[in-house]
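Subject: Structure for your review

Dear colleague,

My notes on what was found in it follow directly after.

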Amino acid sequence: MKLFKVALDWTANTNHTGFFVAREKGYYHEIGLEVELLTPDVDEYSLTPAKRVELGEADCALCPFESIVSYRTKKDVFDAVAIAAIFREDLSAIVTLGDSQLKRPSDLDGAIYASYQARYEDEIVRHMIKNDGGNGVFEIVYPKKLGIWETIVTKKYDATWIFMNWEGIQAKNRGVSLNEFRLADYGIPYGYSPVVMTSRKAVAENTIDYSNFLRATKKGYLFAQGNLKEAVDVITPYVSEQDRDIDLLQSQEFTAPYYGTVDNWGVLEKEKVGAYLNWLRRTGLEPQKLGFDSLVFEGLV
């Protein structure tokens, strides 16, 4: 049995459902893989899931597509590629509290935005504000990532970026109303998040293992899609204490339609990736000209 390590991210347990289901149902064992799911360790906060792949500590990781772009454009290039997407559409949004006066992106001028310090995040928010008619002038703070959501709920800061299928459900369960600003509504293309990333060299040398891994993972997500309660039972033990008030069934019900189908689970569409890359270049956020084929390894699912 070959050991295969997957570094998960901090986004949401619901985003990871298919991996846990595939492991629990024995789908990985069926293809000869012993899959170890590496959950984020708060004590190793600076070590991102993608970094674990770069360091050889994991075979693949979950990360936003922008991390792939970042790795391919930094000074010391790492041959990161995306090999699958978890969702067909963007489940994230910039949010403010519903009882605030910040009802639309342009209202964020002068507000305090709590950032996860992702490569393009702050400029994406700035462009969203400008696209809504604002000036794009706001204060940016960088709290500890795992505590950012609570700084919004407690009104310490004004806005942040969340997954609507996780913090959005948590807000609903707490009776907290939100104003939601979705990127697509303000002219910003979807950059796929999260994606499964790895090294192009690694996947080229072990194509069969990576393909089998993704096919088993796909089977896990599609099982979860059709068996919501069983999927919830599988992921419940892995939910952190701070997220225990999230109704996991509601979260799964929200999320499951976006996993896709037997025909398109995991597929990164050329048009969507191209639109995102063109937008990054057109806005000056990424001066290098990048193509779909250099950033995506197709045909594994």
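Does Lys 155 count as buried or exposed? Lys 155 counts as exposed, because its relative accessibility is 52%. Please bear in mind throughout that this is a predicted model. Lys 155 lies in the loop that runs between helix 6 (148-153) and strand 8, and it has a positive phi of about 70 degrees although it is not a glycine.

Gln 117 is likewise not a glycine, and has a positive phi of about 65 degrees. Its place is the loop between strand 6 (112-114) and helix 5 (121-131). With a relative accessibility of 54%, Gln 117 counts as exposed.

Cys 63 has Val 195 of strand 10 as its bridge partner.

Two helices that pack on this sheet deserve mention.

Helix 4 (residues 65-73) is mostly covered, with seven of its nine residues buried. The buried residues are Phe 65, Glu 66, Ser 67, Ile 68, Val 69, Tyr 71 and Thr 73. They pack against strand 3 (60-63), strand 4 (80-85) and strand 10, and also against helix 3 (49-54), helix 12 (270-282) and helix 13 (292-295).

Helix 1 also meets helix 10 (residues 228-235): their axes come within 9 Å and cross at roughly 90 degrees. Helix 1 is therefore roughly perpendicular to helix 10. On the helix 1 side, the residues in contact are Thr 17, Phe 20, Val 21 and Glu 24. Their counterparts in helix 10 are Ala 231, Val 234 and Ile 235.

Strand 5 (residues 92-97) runs antiparallel to strand 9 and is joined to it by four bridges. Thr 96 stands opposite Asn 179 in strand 9.

The cysteines

How many disulfides does a search of the whole structure find? The search finds zero. For Cys 60, the nearest cysteine sulfur is that of Cys 63, 10 Å away, and Cys 60 is in no disulfide. Cys 63 is in no disulfide either, the nearest cysteine sulfur being that of Cys 60 at 10 Å. Cys 60 counts as buried because its relative accessibility is 0%. Cys 63 is buried too, as its relative accessible area is 4%.

Asn 15 is found in the loop between strand 1 (2-7) and helix 1 (17-24). With a relative accessible area of 0%, Asn 15 is buried. Its side chain and that of Asn 165 are joined by a polar contact of 3.0 Å. Leaving aside residues up to four places away in sequence, Asn 15 touches Ile 86, Phe 87, Phe 163, Asn 165, Pro 194 and Tyr 221.

Among these contacts, Pro 194 calls for a separate remark. The peptide bond that joins Ser 193 and Pro 194 is cis, with omega at about -5 degrees. Pro 194 itself lies in the loop between strand 9 and strand 10 (195-199).

Yours sincerely

Technical notes
Residues are numbered from 1 along each chain as its sequence is written. This is a predicted model: local features need pLDDT of at least 70, side-chain atom pairs count only at pLDDT 80 or more; totals for chains, interfaces and linings use all residues. Side-chain values use heavy atoms; hydrogens and water are left out. Buried means under 20% relative accessible area, exposed over 50%, partly exposed in between (1.4 Å probe, protein chains only). A polar contact is a pair of N or O atoms within 3.5 Å; within protein, one must be able to donate a hydrogen and the other to accept it, and residues adjacent in sequence count only if both atoms are side-chain atoms. Contact means heavy atoms within 4.5 Å. A disulfide is a pair of cysteine sulfur atoms within 2.5 Å. Two strands pair if DSSP finds at least two bridges between them. Axes are lines fitted to C-alpha atoms, for helices over the stretch in contact, and angles run from 0 to 180 degrees between N-to-C directions. Angles under 35 degrees count as roughly parallel, over 145 as roughly antiparallel, 65 to 115 as roughly perpendicular and the rest as oblique.
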